[in-house]
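Trainee: Hi! I'm new to this one, could you walk me through it?
Mentor: Happy to, let's bring it up and start with a single residue.

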Amino acid sequence: MTQLELQSRSGVAPPGMDEENLGHPSEQPAKTPKKLTLIPLIFLIYFEVAGGPYGEEPAVQAAGPLLALLGFLLFPFIWSVPEALITAELSTAFPGNGGFVIWAERAFGPFFGSLMGSWKFLSGVINIAAFPVLCVDYLEKIIHPLESGWPRHISILISTLVLSFVNYTGLAIVGWAAVLLGVISLSPFIIMSLIAIPKIQPHRWLSLGQKGVKRDWNLFFNTLFWNLNFWDNVSTLAGEVDKPQKTFPRALLVAVVFTCLAYLVPLFAVIGAVSVDQRDWGSGFHADAAELIAGKWLKVWIEVGAVLSAIGLFEAQLSSCAYQLEGMANLAILPKLFGSRAKWFNTPWVGILLSTLITIGMSYMDFTDIISSANFLYSLGMLLEFSSFVWLRRKLPEIKRPYRVPLRIPGLVLMCLIPSAFLVVIMVIATKIVYLVSGLMTVGAIGWYFLMKFCKENKVLNYSVAEDEEER
């Protein structure tokens, strides 16, 4: 296969050819503007991963102050940095919507591309369903009728529809909205950290935990994992990024540093300034700490910030799910309908609509085990992603990689082994019901692939033109 063919299939423009005229199935038409610039992309990545220090508190409850601080200091190097490096290399080598689906499809073929898409989409859209519920949970503290009954159900429905419509208006609006939400939701933590400085007693940082409180390693590692995860989600938006070969690595670098500081600074401040029972460090404790450090006004601000953070998380992750489906349609893994763009806003309206409908349905369920199963599926997807990354280096070494992780294949394998081992541990300690639900979802994903293959071969539905199977 020629260098030109390899680069064209990767979605990267060969020398002398404009990226927008490649005609690669995962690329958008030439008329589609690539609107996401550096600053909005940084905040979208931030909301894909974190959305603020909300939810980091259980790490202290589970293992004590010192181990919580060490966890948020060291875990980024074990998990976040490798995942971000992989996303930077593959998003610049294959800059089309679909992200990790494209990587698995290019590495191992359409079956694994479809399986990756199903695993990641299911885990993503189920997680999204939690955010409108979280918004209402905070609002009910002010508006008490929202605590139960039809007012609660209606408010969840309305909030989901309104937030989905914002997503429908386009990534340019979503990106800059993420910037605004990020600034407002992080501001109270900055203020709290500054006010806390005179009250900090550094010896509290060295505490291994309160006597009589048993360490909960499962809670500790899961808290670290899910607060520093999902760096690859933004890859599904690569086709919408302005100059992705340059913008993606820069945005990921800044986002990693920014996110880690957003977790560590408030954690150091609150641990050093506040002395409370370790068991009080549950989710939402930062708001209580703000009241102890500065007063009721700052507690309210942090609670409002939690709602804004949930909105940002919803918008960022809904965008990833919607553009992932469009990318899968462009790869002929899904019918062409899933790649349809709205005339007014040029957004993938079918992906947004489908994701929204599933989100609404899940919002009214007690889905603790389903969320755990979705996280299990995400872990399976990450193992496939690591494998795709290493295999693509071996399979397509000629592909132009504007950003390249500076390691040879043995080094890449070692880089991926540590986070892979962590994923295996997370899956091994899962419950039987999680194994059952995850297994059923995976069987459904496999069945979906063969159904789509049957529809394509028998021309039951319309599909985009993709490369011949012999060329894969």
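Mentor: This is a predicted model. Let's begin with Ser193: setting aside its neighbours within four places in sequence, Ser193 is in contact with Val265, Pro266 and Ala269.
Trainee: How far apart are Ser193 and Val265, in sequence and in space?
Mentor: They are 72 residues apart in sequence, while their C-alpha atoms are 7.0 Å apart in space.
Trainee: And where does Ser193 sit, and is it buried or exposed?
Mentor: Ser193 belongs to helix H9, which covers residues 171-196. Its relative accessible area is 8%, under the 20% cut-off, so Ser193 counts as buried.
Trainee: Let me zoom out. How many helices and strands are there in the protein chain?
Mentor: The protein chain has 17 helices and 0 strands.
Trainee: What share of the residues is buried?
Mentor: Of the 472 residues in the protein chain, 58% are buried.
Trainee: What about contacts between residues at least 6 apart in sequence, how many join residues at least 24 apart?
Mentor: Among those contacts in the protein chain, 82% do.
Trainee: Which residues have the most contacts inside the largest nonpolar core?
Mentor: That core has 129 residues, and the ones with the most contacts inside it are Leu44, Ile45, Phe72, Phe94, Met192, Val270 and Phe389. Helix H13, residues 296-330, gives the most to this core, with 16 residues.
Trainee: Pick Leu44. What is it in contact with?
Mentor: Leaving out neighbours within four places in sequence, Leu44 is in contact with Leu36, Leu171, Val174, Gly175, Ala178, Leu237 and Ala316.
Trainee: Back to H13. How does it pack with helix H14?
Mentor: H13 and H14, the latter being residues 349-363, pack at an angle of about 125°, and their axes are 8 Å apart. That angle is why H13 is described as oblique to H14. The crossing of the two is right-handed.
Trainee: Which residues make the contact?
Mentor: H13 brings Phe314, Leu318, Cys321, Ala322 and Leu325, and H14 brings Gly351, Ile352, Leu354, Ser355, Thr356 and Thr359. By class, that contact has 7 nonpolar, 4 polar and no charged residues.
Trainee: New topic: where is Asp232, and is it buried or exposed?
Mentor: Asp232 lies in the loop between helix H10 (217-227) and helix H11 (244-273). It is buried, with a relative accessible area of 0%.
Trainee: What is Asp232 in contact with, then?
Mentor: Apart from neighbours within four places in sequence, Asp232 is in contact with Glu83, Thr87, Phe100, Lys120, Tyr378, Met382 and Glu385.

How values were computed. Residues numbered from 1 in each chain as written. Predicted model: local features only at pLDDT ≥ 70, side-chain atom pairs only at ≥ 80, totals over all residues. Heavy atoms only, no water. Core = buried A, V, L, I, M, F, W, Y, C linked by side-chain atoms within 4.5 Å. Buried < 20%, exposed > 50% of the residue type's maximum accessible area, 1.4 Å probe, protein only. Helix = DSSP H or I, 4+ residues; strand = E, 2+ residues; numbered from the N terminus. Contact = heavy atoms within 4.5 Å. Axes fitted to C-alpha atoms, helices over the stretch in contact; angles between N-to-C directions. Parallel < 35°, antiparallel > 145°, perpendicular 65-115°, else oblique. Left-handed = near helix turned anticlockwise from the far one by under 90°. Nonpolar A, V, L, I, M, F, W, Y, C, P; charged D, E, K, R; others polar.
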